Amino acid sequence: MELRHLRCFLVVAETLHFSRAAERLHIDQSALSRTIKELERELDVGLFARSTRSIQLTSAGKVFLAHVPRVFAALEQSQDAVRSWKQGYRGLLRVAQADFGTSTRFPRLLNRCHEAFPGIEIRLFEVSEAQLLAGLREGLYDAGFSHMPGSDGALTTEPVLSEPLVAALPLDHPLLEYAAVPLDRLKSYPLVLGDPDWCAGFSAQVEQVLMRTPHRPFVAGRVATAEFMLAQVSAGKCVAIMAASHLQGNRKYAVAARPLEAAAPVLHTYIVRRSAVPGPELAYFIEHARRIASETPSVR
């Protein structure tokens, strides 16, 4: 099995069309078909169900697709490591986070680590929370910021930051008349929430806040990023519940924040790592993540 087999498989799986896949790969369709058949013979299983009108992944193809992208991710990291070595770096710290894990304190943490370990490159990855946890287990990342609590045998999770959840409102919204917005009033307006497929922990924590009152919220949509959530609110289409730092880090949007009348809801952030004893660079990173979180009080 060669990389070309895996690359061809990925493109066919993405397009579900041999002709379009061949165009993207810049090869003849017949050559692409031969490559896929070679791969299927080596695996002794069919990866695609073909008909005259369509092509679909088989059950085996779906299993294979779940693993193949990791091969290219590991290859890319290997190439990056060599490039970093050529530029003078002698170590690497790989940190992943989902979008809603971003905090305004994060740049300060990176600066402090660069000062303490100038020969260490800190590489950042923005992924879904599911990808973050899977990548940690597989050794693709050294640490990650997540809103999902809990540990298992492979991973250790430690709380690092708690900050207030607030109502995010358009600048002309009637709820701005409240010093603290009643939760039921907020739930009566179109509400944009986080997409649990991308930011499961953030979504679950906000859902817990919404369950504090019995009325069902008017859910207008779900989004994967804080920036898109703010764009929706800024356009006047809906309201949202976010961490205060999400608004502080995206001041270009015309969005106002109000505390929630519910009993001081907060968003918890955790730092996740593999359960093995961390090296000095990672230990320093974790310790200073805690210190920076405690240095700056949350803005209310």
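Colleague: Which helix does Gly201 lie in?

Modeller: Quick caveat: this is a predicted model, where local features need pLDDT of at least 70, side-chain atom pairs count only at pLDDT 80 or more, and totals for chains, interfaces and linings use all residues. Residues are numbered from 1 along each chain as its sequence is written, and side-chain values use heavy atoms, leaving out hydrogens and water. Helices are DSSP runs of H or I with at least four residues, strands are E runs of at least two, and both are numbered from the N terminus. On that basis, Gly201 sits in helix α8.

Colleague: Is Gly201 buried or exposed?

Modeller: Buried means under 20% relative accessible area, exposed over 50%, and partly exposed in between (1.4 Å probe, protein chains only). Gly201 has a relative accessibility of 4%, so Gly201 counts as buried.

Colleague: Which residues touch the most other members of the largest nonpolar core?

Modeller: A nonpolar core is a set of buried Ala, Val, Leu, Ile, Met, Phe, Trp, Tyr and Cys residues joined through side-chain atoms within 4.5 Å. The largest one has 36 residues, and elements giving it two or more include β6 (155-170), α7 (183-187) and α8 (200-210). Beyond four places in sequence, Leu186 touches residues including Ala167, Leu175 and Val239. The members touching the most others are Leu169, Leu186, Ile241 and Met242.

Colleague: What about α1 and α2: at what angle do they pack?

Modeller: Axes are lines fitted to C-alpha atoms over the stretch in contact, with angles from 0 to 180 degrees between N-to-C directions. Helix α1 (residues 3-15) and helix α2 (residues 18-25) have their axes 9 Å apart, and they pack at about 130 degrees.

Colleague: So what do you call that arrangement of α1 and α2?

Modeller: Under 35 degrees counts as roughly parallel, over 145 as roughly antiparallel, 65 to 115 as roughly perpendicular, and the rest as oblique. Their angle therefore makes α1, relative to α2, oblique.

Technical notes. Contact means heavy atoms within 4.5 Å.
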